[in-house]
Structures are given as structure tokens and as C-alpha cells.
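Hi everyone, thanks for coming. I'd like to walk you through one structure today, so please have a look at it first.

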Amino acid sequence: MRKLSLSHLFSVKQVVSFLPIRKEEVSRMIEEMTKTSDSSGLINVSRAAFLLTNRIICRAGFGKKYDEMGKKRFDEVFEEAQVTGTAFFLGDYFPLLGWIDKFTGMHSRLEKNFRELDNIYQQLIDDHLDPNRPESMNGDILDLMIKLKQDQTAAVQIDWDNIKGILMNVLIAGTDTISSLIAWGMTALIKKPQEMKKAQEEVWNVIGNKGVVDEDDIKNLPYLKAVTKETLRMFPPTPLSVPRESTQHCTIDGYDIPPKTMMYVNIYAIGLDPEYWENPTEFMPERFLNSTIDYKGHDYGLIPFGSGRRGCPGMNIGVATFELALANLLYSFEWELPNGMKEEDVDMEESTGLTTHKKTDLFLVGKRYKYN
Ligand code: HEM
């Protein structure tokens, strides 16, 4: 399944094919922010990031606009999935005591949530099988999966449950992670005016009066790329990775780990390890300017996307979306804290869940930058 997904759904070709969607949706975000900045000036950066990633994933994933998804139901069901997906189930740790989860009500809550999710996926599949479906569904991730299912010569035969499983992964893993990273990146920069200035001057100097930052321009923005790495180091969207189960017996640091043990990799602690990083709690993108350390899973001090055979397949989409969004935010506006607020007043508290969001939304004053 994984090989199939990597070669068909998350390939470089696929990342490129969704480029027009990323570009359009980032422009739409900037336009919407410009309108707000003209009227009140106060922009909810967290909400804008949330809408951006949902819109991109809905269009790339199943050819639908986020606004057509029956938003309230969609948002509620996915919010609940974040809760049930990370809730404590005694049976996960002590299988013989699993019956207690039934009494706490968690079991039926999980079942209910999964039935609702299943209905959403079934509806999306039915929409795709409809001969009169809109053109926007041609070539989206669900369309590609349906084609793979119909291909009798494919190396792996997939069924509808497999397809629903991948849809779930794409939706949950693809939206929340990127939007959390955008909000944390902007939070970190607003708290460090010198670093914000460097990042903005770089993008203004390199892009000039072109009007927009394109994905092709990003390679010419080394400081922005360093900001990406530093944000991923300090604010990995999934700080405990995703739960994994060991397949065979192994020994780590003298501890015996039996097969079928549930494990969490503390990505967050690794990124802040003082034995690996100098001033680990300081947001300093400079540390990456003359360094070959990367987030791709080979440098074990920085593994925001995990590592090895189960590492994140959406890394390229994630980084491309984050960098395009951040570059355009920095290019289009001069950013300030709301009236009277100081850098140290910015709330850094995190919410709970598989993905760690900033607990309170980030509100900033954005003044449209005049590059002409
Ligand atoms: C900044 C963005 C993202 C971050 C930081 C991130 C991080 C992660 C991490 C840490 C894992 C677990 C890796 C491991 O166990 O070694 C993971 C798994 C996964 N991610 Fe991402 N992710 C991001 C974006 C995405 C996107 C955009 C998608 C899809 C469109 C995606 C799809 C997946 C899937 C399907 C898995 C499960 C892979 C498996 O179990 O084999 N991720 N991600």
C-alpha cells in the first residue's frame, strides 16, 4: 500500500501537478487578507492558514471546494476525530482491560465518529463514480485511487476500505500539520523582529516588484528555507509522531522492547536536545545557513517527518505548501503585533491532540507592503 501510494499519490509528479491549486489558493488567501487589512487591519493568521490548507487538500484530494463540503458537519467530524484519535484507551496498553473503555463511553464515541467519517468518504466515492461528475475531480487523489482499484494488472489490489483509509490519512495528516506550522512560523517570527526583518528583506530583494512569490522562486530564498527548518525543529506539528507498534523484539538503550509494543517517538524532545543543538530553545534560523542538516529523515537530530520506511510520504507537499504560503505572507504584508502588545505577551501555549496547534489564534496587524 505504501509503495503504491508513494509512486502514485505522493510522487514528485503529483506534487507538481497540484501546483496550480496551491498557487491559486495562496493568492486567494492574500487577497482575503488584503481586504481585512484595508478595513480593520487585524488579521487572524491561524484561521487563514486553516482555510488555506483545507481548501488545498479538498481540491487536490477529491476535486471539491472546501466551501462545498457541508463545512459545519465536515469540521465537526474531523475535530472529533482529533479527539478520539488521541484519547486514552486503556485497552491499547492493557488489552485484557479493554472492556473498561466500553463503560467510559469512549468506545461508542469512537465508533460513532468512524461511522460518520465513513459516510463522508462513501459520499465522496459516490460523487466520483457519478458519470456526470464535475471536471475538477479528474486527476485528484481519490480519482487516482479509484483508477488503481480498477486496474486489474496493478501489483497490489486495493479495496474500498483501503481507499477510505488513505483518504483519512490525507485529510487528517495533510491539513492540520501544515496549518499548524504556518501559524507557529509566523508566531516565532513576530517574536523575533530581527529575524522577521531578514526574512522579509530577502523576499522583497529577490522578488522585487513581481507581485507574487512563485514556487520556482523559493530556491533563491535561503533564509526562508532556514526559517522552514527552524520552525520544523521547534514546532514539529506532530511532536510525538504517530503511534507505532513494534513488529519484533529489539533493545534500545538497554531497554527490552517486546513485539507489539505501542511506541511514540518524541520528535519534539529530539529537536530541543541540548546535546545536539546550541541554545535549543532560541528561534535562530541562522543555525541552518551554513549547515547541511536537513529534515528529510537522515539527520536524527531533526526528524519532524519521521524517518525510515514509515516516514511521512507527504513531506514534499507539506514543505512546498508551507514555504509558498510563508513567502507570500512575508512578501505581501508588513507585520506588527496588535496595539500595545509586546513580543513577550504572545501566547505560546499549545492545544492537545495529535497535531499541536497554537492554543489561541494568532492575530496580527498586516499592512499591505508597497513594492512598487
Ligand atoms: C508539515 C507537514 C507535515 C508534517 C510535519 C508531517 C509529519 C508526519 C510524521 C512525523 C509522520 C509519522 C512518520 C513516522 O512514523 O516515521 C507522518 C506520517 C504520515 N503523513 Fe505526514 N506530515 C506532514 C504533512 C503531510 C501531508 C501534506 C500528507 C498528505 C497529503 C501527509 C501524509 C502522511 C501519511 C499518509 C502518513 C502515514 C505514513 C505511514 O504510516 O506509512 N503528511 N507525517
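Let me start with a question: which residues lie nearest the centre of the second largest pocket? They are Phe50, Glu79, Gln82, Asp176 and His357, out of 26 residues that line this pocket. Before I go on, a word on the source: this is a predicted model, where local features need pLDDT of at least 70 and side-chain atom pairs count only at pLDDT 80 or more, while totals for chains, interfaces and linings use all residues. Residues are numbered from 1 along each chain as its sequence is written, and side-chain values use heavy atoms, with hydrogens and water left out.

Back to the pocket. On a 1 Å grid over the protein atoms alone, a pocket is an open set of points where a 1.4 Å probe fits, with protein on both sides within 12 Å along at least five of seven lines, and lining residues have an atom within 4 Å of a point. The space in this one is about 760 Å³, counted as what probe spheres set on the points fill. Its lining divides into seven nonpolar, twelve polar and seven charged residues, with Gly counted as polar. Helices α4 (45-62), α5 (71-86) and α10 (160-191) each supply at least two of the lining residues; helices here are DSSP runs of H or I, at least four residues, and strands are runs of E, at least two.

Now the iron. Cys312, through SG at 2.3 Å, is the only protein donor of the iron atom of the ligand; donors are N, O and S atoms within 2.8 Å of the metal (3.2 Å for Na, K and Ca), and water is not among the atoms, so sites may look incomplete. You'll find Cys312 in the loop between α13 (267-271) and α14 (315-332).

Last, the sheet. Three strands form an open, antiparallel sheet in the order β1-β7-β6, where pairing takes at least two DSSP bridges. The edge strands, β1 (42-44) and β6 (333-336), each pair on one side only. Three bridges join β1 to β7 (residues 363-368): Leu42 has Val365 as its bridge partner, and Asn44 stands opposite Phe363.
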